Structure formats: C-alpha cells, structure tokens
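Colleague: I have a new model open and want to learn how to read it. Can you take me through it feature by feature?

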Amino acid sequence: MAPRSSLLQWLCSVLLLVGAANALKFDLHGHFGGESVKKERCIRNFVNKDTLVVVTATIGGTKDDGMIVNMHIRDAVGNEYGRPRDVVGESRTVFTSHADAAFDVCFENIIPSGRRPNPGWRHVELDIDIGADAKDWAAIQATEKLKPMEVELRRLEEMTAEVVSEMDYLRQREQKLRDTNESTNNRVKWFGIATTWLLIGLWAWQIFYLRAYFRSKHLI
C-alpha cells in the first residue's frame, strides 16, 4: 500500500508543478515605433491538436498613461487565435488548438507620443491553462452534481491522461526521428561506398591512360 501511496503523491506533485510552471510575471518596457517596428516579447508553449487553451493576461497601468499594450496569439504553423489591442487589466482568450504545434503569446508595448512616460513599462501577469486545467471545474461540479473529491479525482484523471498522451506523442516523435536517422545513415553509407568505387575507377583509369600515353611517346 505504501509504494502505491508514494507513487500517487509523486504523480500529483509532478502535475501540480506542471500547472504552476505556466504562471509568469514580468515588466514590459515601452518603445517608440510605428507599425513597421516590432519589438515583441513572446512566451512559447506547446499544445496538442484539439486541446482547450485559456490565456489570461493581466496588464498593469491605465488607458491614459501614454502606453498601448497589444497582444498577439499565434502558433508556429500560421494559425491565429487572438489579437487583443490596447489591453489594460485582465484579458482572457479561449481557443481550441488547430494543430500539434508550439504557440506564442506575444506582447508589445508601444509609446505613441514623442515623450517617454515615467515609468516607461507596464507589469504583465500571464497565466496559460491547457487541457484539464483550462476547464471550469466549478461549473462541471454544479452541472453534474459531483462531490469535491469526485471533481478532484476526475481532474487528476484527465491530467494523467494528458501526460500519457504527451508521452505517447514524444515516443512517436522519437520513433520518427530514429527512422530518419537510420535512413540518413544508410544513404551516407551507400554514398560513401559509391564514392570509394568511383575513386578506385578513376585511379585505375589514370594508370591505364598514363601507361598508354608514355608508350605512345616511347618512354616505356
């Protein structure tokens, strides 16, 4: 019984650590520039296809402090999920991913006037919830009339399933990379063998050519 309890505690710790790792706080400094100038600060995360994602950003400052903070949420394959403009306070974007790809949450702090405000930055708090963490478990509990322990167990079950799915995806990627590596090694091997035989044939041709040349000149 003790080993099973220890394993459950370890798994819960890992899942809580993964959830906590999504929270981020930083200061976003402003810059002068028009539409042609991009000085974004981006936070990248990976998500599987058809996965619920909730991006919550809390931007400090006020509307009249001389700065404009814009957001841009996009993935590495060209899908866009949101472009909140002139964000102050909390901004929440909910989307379902369209592909197995990394997505970026980018921030840009623009100073439209010619004078730099004091302070010249805004504080940003970013929280990214993915999969089971992105669901409204309070609403699920109320709708399905679940007990608190049942809700927590169901949440942990879904988080565990996500970890297993992620491990399976990584295993498939590793298998694909290994196959690519073996295919490349075979190609390099046959290219090396072909190059060696080509050099041997060139060496033999040079010997016969030189012997024929010297004989034509009566040097041998």
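Colleague: Let me start with one side chain. Does Phe95 count as buried or exposed?

Modeller: A word on the source before that: this is a predicted model. Burial is read from relative accessibility, and under 20% means buried. Phe95 has 6% relative accessibility, so Phe95 counts as buried. Phe103 has 1% relative accessibility and therefore counts as buried too.

Colleague: How are the rings of Phe95 and Phe103 placed?

Modeller: Read the distance between centres, then the angle between planes. Planes over 60 degrees apart count as edge-to-face. For Phe95 and Phe103 the centres are 5.8 Å apart and the planes stand at 80°, so this pair is edge-to-face.

Colleague: How many aromatic pairs does the structure hold?

Modeller: Six aromatic pairs are found. One of them joins Phe26 and Phe107: centres 5.8 Å apart, planes at 70°, so edge-to-face again. That pair links distant parts of the chain, since Phe26 sits in strand E1 and Phe107 in strand E7, 81 residues apart. Both Phe26 and Phe107 are buried.

Colleague: Now the core. Which residues touch the most other members of the largest nonpolar core?

Modeller: In soluble globular proteins, nonpolar side chains tend to be buried together. Here the largest nonpolar core has 21 residues, and Val55, Phe103, Val105 and Phe107 touch the most other members. Strands E1 (23–29), E2 (41–47), E3 (52–59), E4 (68–75), E7 (101–110) and E8 (121–130) each give two or more residues to this core.

Colleague: What does Val105 touch, leaving out residues up to four places away in sequence?

Modeller: Val105 touches Arg41, Cys42, Ile43, Val55, Met71, His72, Ile73, Leu126 and Ile128.

Colleague: On to the strands. What is the order of strands in the open sheet of four?

Modeller: The order is E2-E7-E4-E5, and the pairing is antiparallel. E2 and strand E5 (80–82) stand at the edges with a single partner strand each, so one side of each has no neighbour in the sheet. Neighbouring strands of this sheet are turned by 20° against each other on average, direction ignored.

Colleague: Over how many bridges do E4 and E7 pair?

Modeller: E4 and E7 pair over eight bridges, in the antiparallel sense. Arg74 stands opposite Asp104 in E7. Ile68 has Ile110 in E7 as its bridge partner. Take E2 and E7 next: that antiparallel pairing runs over seven bridges. There, Arg41 stands opposite Phe107 in E7.

Colleague: Why is E7 largely enclosed by the rest of the structure?

Modeller: Look at the faces separately. In a regular strand the side chains alternate between the two faces of the sheet. In E7, 10 of the 10 residues are buried, so the strand is largely enclosed by the rest of the structure. One side carries Ala101, Phe103, Val105, Phe107 and Asn109, the other Ala102, Asp104, Cys106, Glu108 and Ile110, and all are buried.

Colleague: Cys106 brings me to sulfur. How many disulfides does a search of the whole structure find?

Modeller: The search finds one disulfide. Cys42 and Cys106 form it, with their sulfur atoms 2.0 Å apart. The torsion gives the handedness: with 110° about the S-S bond, the link of Cys42 and Cys106 is right-handed. Cys42 lies in strand E2 and Cys106 in strand E7, so the pair ties together parts that are 64 residues apart in sequence.

Colleague: And accessibility at the two ends: is Cys42 buried or partly exposed?

Modeller: Cys42 has 35% relative accessibility, so Cys42 counts as partly exposed. Cys106 has 1% relative accessibility, so Cys106 counts as buried.

Notes. Residues numbered from 1 in each chain as written. Heavy atoms only, no water. Core = buried A, V, L, I, M, F, W, Y, C linked by side-chain atoms within 4.5 Å. Buried < 20%, exposed > 50% of the residue type's maximum accessible area, 1.4 Å probe, protein only. Contact = heavy atoms within 4.5 Å. Phe/Tyr/Trp six-rings, centres within 6.5 Å; stacked < 30°, edge-to-face > 60°. Disulfide = S-S within 2.5 Å. Pairing = 2+ DSSP bridges. Axes fitted to C-alpha atoms, helices over the stretch in contact; angles between N-to-C directions.
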